[in-house]
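Here is a short briefing for a reader who is new to this structure. Please look over the sequence and the model, then take the topics in turn.

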Amino acid sequence: MSRSFTPKVITANALLEGDVIYWSPEGTWVRTLSSAEVFEDEAVAQEQLLTASSQPAVAVGVYLADVAITDDGPTPIHFREEFRTRGPSNYAHGKQVKLS
Amino acid sequence: MTVIVTDSGFAADDWNGGFCTLDSLPANDCAGVDLPSDAEPEDLRARLDGLSLIRVDFPSFADGRGFSIAAELRRMGYKGRLRAKGHVISDQYAMARRVGFDEVEIDDALAARQPEAEWLFRANWTKHDYQARLRG
Amino acid sequence: MYQYNDFDAAFVAERNAQFRAQVERRISGALTEDEFKPLRLMNGLYLQLHAYMLRVAIPYGTLNGAQMRQLAMIAETFDKGYGHFTTRQNIQYNWPKLKDVPDILDRLAEVEMHALQTSGNTIRNVTADHFAGAAADEVEDPRPTAELLRQWSTDHPEFQFLPRKFKLAVTGSAADRAVIRAHDIGIQIVEKDGEIGYKIIVGGGLGRTPMIGKTLAEFLPKADLLPFVEATVNVWNRLGRRDNKYKSRIKITVHEHGIDDIRARVLTRFEQIKPTFKGVDRDLFAQIQQNFDAPAYRNAPVDAHTAMRLANPAYASWSDTNITAHKNDSYAIVSISLKKHGATPGDASADQMRVMAELAETYGHDELRISHEQNVILPHVHQSDLPAIYAALREADLATANIGLISDIIACPGMDYCALATARSIPVAQEIAERFDELKLEHEIGALKIKISGCINACGHHHVGHIGILGLDRAGVENYQITLGGDGSEDAAIGERAGPGFSAEALVPAIERIIETYLDVRSEKAETFLQTYRRVGMGPFKAALYPDSKASAA
């Protein structure tokens with residue numbers, strides 16, 4: 001068994017719009033965390049990170065972000081990642097427009 | 001292999017004089033010298049007359065020390081060939097020319113990714129130059 | 001105001017064409033993201049938390065009505081209907097799309113504006129006193145000097161890939177409203193024996209290692225400005241550290257080598273560079289200066305203002321805080337607050353921008369300024385027009401009477417937008433402003449500058465806030481450190497850290513305890529917070545902030 005590994009998603013910003021994107025189980029970039037693939041195995045996560053990083057014409061700044069697995073799907077652990085799923089707190093702009 | 005970029009585009013290197021390092025320069029009768037990006041141009045002052053080509057290294061396009069080194073060599077009166085070598089991108093070509101470089105030496109991989117047309121796009125470097133306007 | 005000549009216009013058009021091609025090459029793959037990044041940054045384009053951000057330069061904070069209208073149009077056409085004015089006298093758009101940016105730059109060029117060198121490791125937008133040309137205490141208008149420096153630094157071939165960013169600020173007054181002592185180079189126009197020259201300060205800066213600048217030249221003849229500044233930047237470009245970005249700013253170079261060593265190097269280099277300037281720059285300066293002639297002031301009675309002050313207490317309150325003395329007795333400088341209680345500091349909607357443009361055109365000799373304190377200034381207003389301006393500002397929700405008060409807060413965008421931030425700033429500013437508005441204590445407290453940064457880079461100038469707040473990430477939770485006694489003026493000082501940080505919930509009560517302490521210990525109402533702090537020191541504030549640790553120490 002591998003040592004304990006915090007589940008992760010792969011995230012980045014879209015080159016053209018700048019919007020936050022996530023790597024999906026289909027190997028495509030999607031706009032919502034709920035559609036992201038959650039990795040519970042470090043080796044798989046690292047391998048997929050390489051694949052996801054090889055699309056520089058689509059995604060910029062690809063990295064792994066910690067998530068918790070809940071009944072509602074993956075939820076961010078760090079507040080920065082939570083903001084990225086939502087948008088700014090001073091205006092109802094960004095992803096929260098579609099979520100609400 | 002490397003490519004030499006000038007205002008007329010890509011060409012093969014025509015320099016046959018070889019290069020000495022700064023340290024080996026006193027012991028040898030070199031016409032060409034390689035300067036690293038942390039070199040002190042003052043160290044060359046007494047030897048400028050004997051040099052025909054000075055090649056300044058750009059270890060990374062983000063390391064802009066070479067631009068200041070070139071400007072200082074020209075201010076010291078160096079009239080020979082001045083070459084920027086390494087990771088210089090086409091967007092920096094005008095800067096390189098304006099500080100006094102005659103040419104840029106890039107490797108084949110960079111030349112393939114940034115083809116001749118992208119460098120020729122900035123061959124108009126004498127135009128739109130605030131420094132020329134301010135200095136007279 | 002400066003007007004582009006054919007050269008400036010052609011230059012910006014050429015640069016915009018280059019950037020359009022660079023965007024195309026990035027999308028096609030000819031440029032890697034690593035290579036594209038410094039190029040987009042040189043054109044003011046960041047990739048932030050939720051989107052791209054375009055930072056547009058407002059050189060030395062000066063713009064006219066048409067330019068402000070164009071900023072409004074861009075906000076509506078390419079963004080979400082608003083813009084954010086920054087501590088560097090820039091405006092930021094938070095939601096542009098990469099493909100739209102070349103079009104935005106073209107629209108800016110239509111009104112002689114650009115986003116050049118608002119980012120990246122290069123010489124940034126040159127800032128200046130926002131009261132330039134209007135202030136009563138001015139030796140000379142700093143804007144011609146700032147414009148000369150803008151032209152010299154723009155596309156300077158030696159200085160596009162510096163060890164780190166480099167910021168210049170210019171003031172023409174002894175009273176420092178441009179925070180010149182916290183800039184890489186701060187320039188003060190001074191007079192000595194009837195001659196005008198420059199005092200040059202170097203190595204100031206905030207960020208991880210805050211430093212107050214040191215004097216590099218006490219009196220520099222005007223003609224030597226460009227070669228001297230070029231020598232300084234050249235010395236740092238060669239000497240500055242490139243191994244550690246936290247040690248790369250010139251403040252560290254000056255600190256490590258000592259000001260005397262740096263001065264000796266600069267003077268040697270200056271002697272070499274000076275002959276390359278053949279005097280054309282002086283002719284150009286004289287031409288630039290003609291662009292900044294004072295407007296044709298109107299001679300008319302000012303009774304309307306005096307009468308309105310007596311008739312309308314809200315107007316009187318607004319004119320107490322938002323009006324500054326002008327060098328012409330019949331005129332006034334109007335500061336328009338972008339700090340309505342509960343609003344985002346520095347934000348203006350497109351409609352508000354158009355109102356401000358219209359006021360400038362109608363009453364203000366078509367001039368506007370952006371202050372580093374994130375407000376908008378009408379620098380030349382005849383006092384008889386103040387009531388009409390006030391009425392129009394009220395209509396547009398722009399008449400908040402709080403300039404220089406506790407709710408006139410500087411706040412960086414923080415983690416609501418910025419990819420570098422470690423915590424949010426905007427909600428903190430909103431809560432503090434709302435709380436003290438609710439307490440109705442603002443005017444009782446008087447002059448007080450709160451400055452908030454959402455990370456150690458200190459875009460919110462927290463080190464020089466009378467009360468500074470720094471948002472950090474402590475073990476995955478937002479945490480806020482408080483500093484006291486900072487000052488960005490001619491008596492510049494770095495604030496002292498009060499102690500351990502506070503959670504977001506505990507922060508506003510902590511600020512309240514600081515204010516209660518001040519009101520309690522000040523010698524009289526006229527003694528400002530900063531004066532009180534300097535007199536009594538950290539002790540009473542610390543005791544109020546950390547009552548438990550006081551008890552345990554006793």
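**How the chains meet**

Two pairs of chains are in contact, and chains B and C share the most contacts. The model is a predicted one. The points below start with the chain contacts and then turn to single chains and residues.

- No contact joins chain A and chain B. Their closest C-alpha atoms lie 15 Å apart.
- Between chains C and B, 34 residues of chain C are in contact with 24 residues of chain B.
- Several helices of chain C each bring at least two residues to the side that touches chain B. They are helix 1 (6-28), helix 2 (33-42), helix 5 (143-153), helix 6, helix 8 (259-273) and helix 9 (280-290).
- Helix 1 of chain C gives the most to that side, with six residues.
- By class, the side of chain C that touches chain B has 16 nonpolar, ten polar and eight charged residues.
- Chain C also meets chain A: 23 residues of chain C are in contact with 22 residues of chain A.
- The side of chain C that touches chain A divides into eleven nonpolar, five polar and seven charged residues.

**The largest nonpolar core**

- The largest nonpolar core has 207 residues.
- Which residues touch the most other members of this core? They are B:Ala70, C:Leu54, C:Ile200, C:Met356, C:Ile452 and C:Ile514.
- Helix 6 (residues 225-239) of chain C gives the most to this core, with eight residues.
- B:Ala70 is in contact with B:Val56, B:Leu82, B:Val99, B:Gly100 and B:Phe101, leaving aside its neighbours within four places in sequence.

**Chain B**

- Chain B has five helices and seven strands.
- Along the sequence, their pattern is β-β-β-β-β-α-β-α-β-α-α-α.
- The C-alpha trace of chain B spans about 40 × 40 × 25 Å along its principal axes.
- Chain B has 136 residues and a radius of gyration of 15 Å. A compact globule with 136 residues would have a value near 14 Å, so chain B agrees with that rule.
- Of the 136 residues of chain B, 35% count as buried.
- Among the contacts in chain B with a separation of 6 or more, 57% come from residues 24 or more positions apart.

**Domains of chain C**

- Chain C is divided into domain 1 (6-110), domain 2 (134-290), domain 3 (303-395) and domain 4 (410-548).
- The C-alpha centres of domain 1 and domain 2 of chain C lie 26 Å apart.
- The contact between these domains takes four residues from domain 1 of chain C and five residues from domain 2 of chain C.
- On the side of domain 1 of chain C that touches domain 2 of chain C, three residues are nonpolar, one is polar and none is charged.

**Helix 3 of chain C**

- Helix 3 (residues 65-78) of chain C has 14 residues.
- Helix 3 of chain C reaches 20 Å from its first C-alpha to its last, close to the 20 Å expected at 1.5 Å a residue.
- Its buried residues are C:Gly65, C:Gln67, C:Met68, C:Gln70, C:Leu71, C:Ala72, C:Ile74 and C:Ala75.
- What do the buried residues of helix 3 of chain C pack against? In chain C, their partners are strand 3 (62-63), strand 4 (82-85), strand 5 (90-93), helix 4 (101-110), helix 12 (350-363) and strand 14 (368-370).

- Most residues other than glycine have a negative phi.
- C:Val179 is found in the loop between strand 7 (168-171) and strand 8 (185-192) of chain C.
- Is C:Val179 buried or exposed? C:Val179 is buried, because 26 other C-beta atoms lie within 10 Å and 20 or more are enough.
- C:Asp397 sits in the loop between helix 13 (386-395) and strand 16 (410-411) of chain C.
- C:Asp397 counts as partly exposed, because it has 13 C-beta neighbours inside 10 Å.
- C:Gln289 lies in helix 9 of chain C. C:Gln289 is partly exposed, with 17 other C-beta atoms within 10 Å.
- C:Gln289 and C:Pro144 are 145 residues apart in sequence. In space they are 5.2 Å apart, C-alpha to C-alpha.

Technical notes. Residues are numbered from 1 along each chain as its sequence is written. Chains are lettered from A and ligands numbered from 1 in the order in which they are written. This is a predicted model: local features need pLDDT of at least 70, side-chain atom pairs count only at pLDDT 80 or more; totals for chains, interfaces and linings use all residues. A nonpolar core is a set of buried Ala, Val, Leu, Ile, Met, Phe, Trp, Tyr and Cys residues joined through C-beta atoms within 7 Å. A residue is buried if 20 or more other C-beta atoms lie within 10 Å of its own, exposed if 12 or fewer, and partly exposed in between; C-beta atoms are placed from the backbone. Helices (H or I, at least four residues) and strands (E, at least two) are DSSP runs, numbered from the N terminus. Two residues are in contact if their C-beta atoms, placed from the backbone, lie within 7 Å. Ala, Val, Leu, Ile, Met, Phe, Trp, Tyr, Cys and Pro count as nonpolar, Asp, Glu, Lys and Arg as charged, and the others, Gly among them, as polar. Domain bounds come from an automatic or database domain assignment. The expected span of a helix is 1.5 Å times one less than its number of residues. The radius of gyration is taken over C-alpha atoms; the globule rule is 2.2 Å times the number of residues to the power 0.38.
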